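I opened the model to go through its aromatic pairs and then what surrounds the ligand. Notes follow in the order I looked things up.

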Amino acid sequence: MQLELTETQALIQRTARELADRAVRPVAAALDREARFPSELVAELAELGLLGVNVRAELGGAEAGTVAYSLAMMEIAKACASTAVTMAVTNMVAEVIQRFGTEAQHEHVRRITSGEHLTGAFALSEPGAGSDPGAMLTTAREVDGGYVIDGQKQWITNGAYAGVFVVWARTGGPGPRGLSCFLVEKGAAGLSVGAPEDKHGLRASSTVPLTFDGTFVPKSALLGELGGGFKIAMMALDGGRIGIASQAIGIAEEALACAVRYAQDRRQFGQPIGNFQAIQWMLADSRAELDAARLLTLRAASEKEAGLPFSQHASMAKVFATEAANRVCNRAVQVHGGYGYTREFPVERLLRDVRVTTLYEGTSQIQRVVIARELLR
Ligand code: CAA
């Protein structure tokens, strides 16, 4: 068993940390307050290879693997969770097109890694199909030369800033086996982007509904095989869940660091509150849980990188890391007392930002379904 990072992994981690410290953390509170999408930061991520960490160099990626990707996500998420989810979904889109795309479709990966596309979006969920994407209603009807897509998508991260959308639609019968996957470019006729969601956290990330009203795509827009869309979504989400586990760990690491500093600075009863066991136990539980989350997440990442089955381990990492991260952020606010409930201290934002991590890319309940199915198989 090897726990040290390789040179490449350490380099990517350092690169992400430097960007986070120099450019991301200083603006995170303002981005949150103004609900402003971090376009300039996303351009910097592209420049540093962080929009395609696990993408081949010939497609403009860093070709550094999934462990490096996880480490980079943690560093960016420490500084700004909104920027981190923008990065996570864009990496997921780049990877899914790299894996299932034709040579012509790979051009979209190049445009993502070069920053030309700004971001990519993953359009799976619908108003009536969240945990159960196999029940989606969007259709792609075959016509001369291609398909016509009609339907609505919901909760689309990066939707207002994406150059390319990976879109799932029904081309066959009911259930998951009737779905196919298409690449749709920004500005396609009949594609409209709805109003941004007014969210509890991640206020600087873009989350919008999409409407497809007779959107024509050529045959060459089909990603993978006709009817093979559901498996593509599941495989992409297996990897995506490592990204969200990493994001949650990053947010919670920042919260724990804030709590430790506060416990050392804040004095009550004539001494720093960190002298009290009540505070120490909260900090200790947080440290232990975060290390466990990190090990689970990096295990899943290294299995993915080695080409081993990793679906169950990715779900274990996601459910444990995101639930632990919620506890850690909650404790961090507790350590801060009333001050932690105000915008004067970053833990207020961190607690709002971490909340969604047990919801998106599969709720905690869905992760447990995936874990249990594997156990009982
Ligand atoms: N890898 C490859 N294939 C898989 C797979 C995987 N991980 N999981 C399932 N499949 C295959 C099955 O083997 C099956 O194949 P066959 O047709 O050959 O038998 C097929 O897919 C259908 O599988 P199931 O019958 O298991 O499908 P199901 O409808 O019961 O769904 C589920 C299983 C795990 C509950 C799945 O629906 C799921 O993961 N739901 C959650 C969806 C989700 O995570 N949404 C997140 C939205 S994206 C997002 O949040 C991004 C963002 O913006 C941040």
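Before I start calling residues buried, the cut-off: buried means under 20% relative accessible area, exposed means over 50%, and partly exposed is in between. I am also keeping in mind that this is a predicted model.

**Entry 1: aromatic pairs**

I searched the whole structure and got six aromatic pairs. I started with Phe 37 and Tyr 161, whose ring centres are 3.8 Å apart with the planes at 5 degrees, so I noted this pair as stacked. Where do Phe 37 and Tyr 161 lie? Phe 37 is in the loop between α1 (7–34) and α2 (39–47), and Tyr 161 is in the loop between β3 (146–157) and β4 (162–170), so the pair ties together parts 124 residues apart in sequence.

Next I checked accessibility. Phe 37 comes out at 7%, so I count it as buried. Tyr 161 has 32%, so I put it down as partly exposed.

Then I looked at Tyr 262 with Phe 345, an edge-to-face pair with 5.6 Å from centre to centre and 90 degrees between the planes. This one links distant parts of the chain too: Tyr 262 belongs to helix α6 (residues 229–265), while Phe 345 is in the loop between α8 (311–336) and α9 (347–355), 83 residues apart.

**Entry 2: around the ligand**

Which residues come nearest to the ligand? There are 23 residues around it, and I listed Thr 157, Arg 177, Arg 241, Glu 361 and Arg 373 as the nearest.

A polar side-chain atom of Arg 373 is 2.5 Å from a ligand oxygen. The backbone of Ser 131 has a polar atom 2.9 Å from a ligand nitrogen, and that of Gly 362 has one 3.0 Å from a ligand oxygen. I then looked up cover: on its own the ligand has 1100 Å² of accessible area, and the protein covers 74% of that.

**Entry 3: who makes the shell**

I sorted the shell by class and got 11 nonpolar, six polar and six charged residues. By element, α6 and α10 (364–376) each supply at least two residues, and α6 gives the most, with seven. By domain, I found at least three shell residues from each of domain 2 (121–227) and domain 3 (230–376).

Definitions and conventions
Residues numbered from 1 in each chain as written. Predicted model: local features only at pLDDT ≥ 70, side-chain atom pairs only at ≥ 80, totals over all residues. Heavy atoms only, no water. Phe/Tyr/Trp six-rings, centres within 6.5 Å; stacked < 30°, edge-to-face > 60°. Helix = DSSP H or I, 4+ residues; strand = E, 2+ residues; numbered from the N terminus. Buried < 20%, exposed > 50% of the residue type's maximum accessible area, 1.4 Å probe, protein only. Near = heavy atom within 4 Å. Polar contact = N/O pair within 3.5 Å; in protein donor to acceptor, adjacent residues only side chain to side chain. Areas by Shrake-Rupley, 256 points an atom, 1.4 Å probe, with all protein chains shown as cover. Nonpolar A, V, L, I, M, F, W, Y, C, P; charged D, E, K, R; others polar. Domains from an automatic or database assignment.
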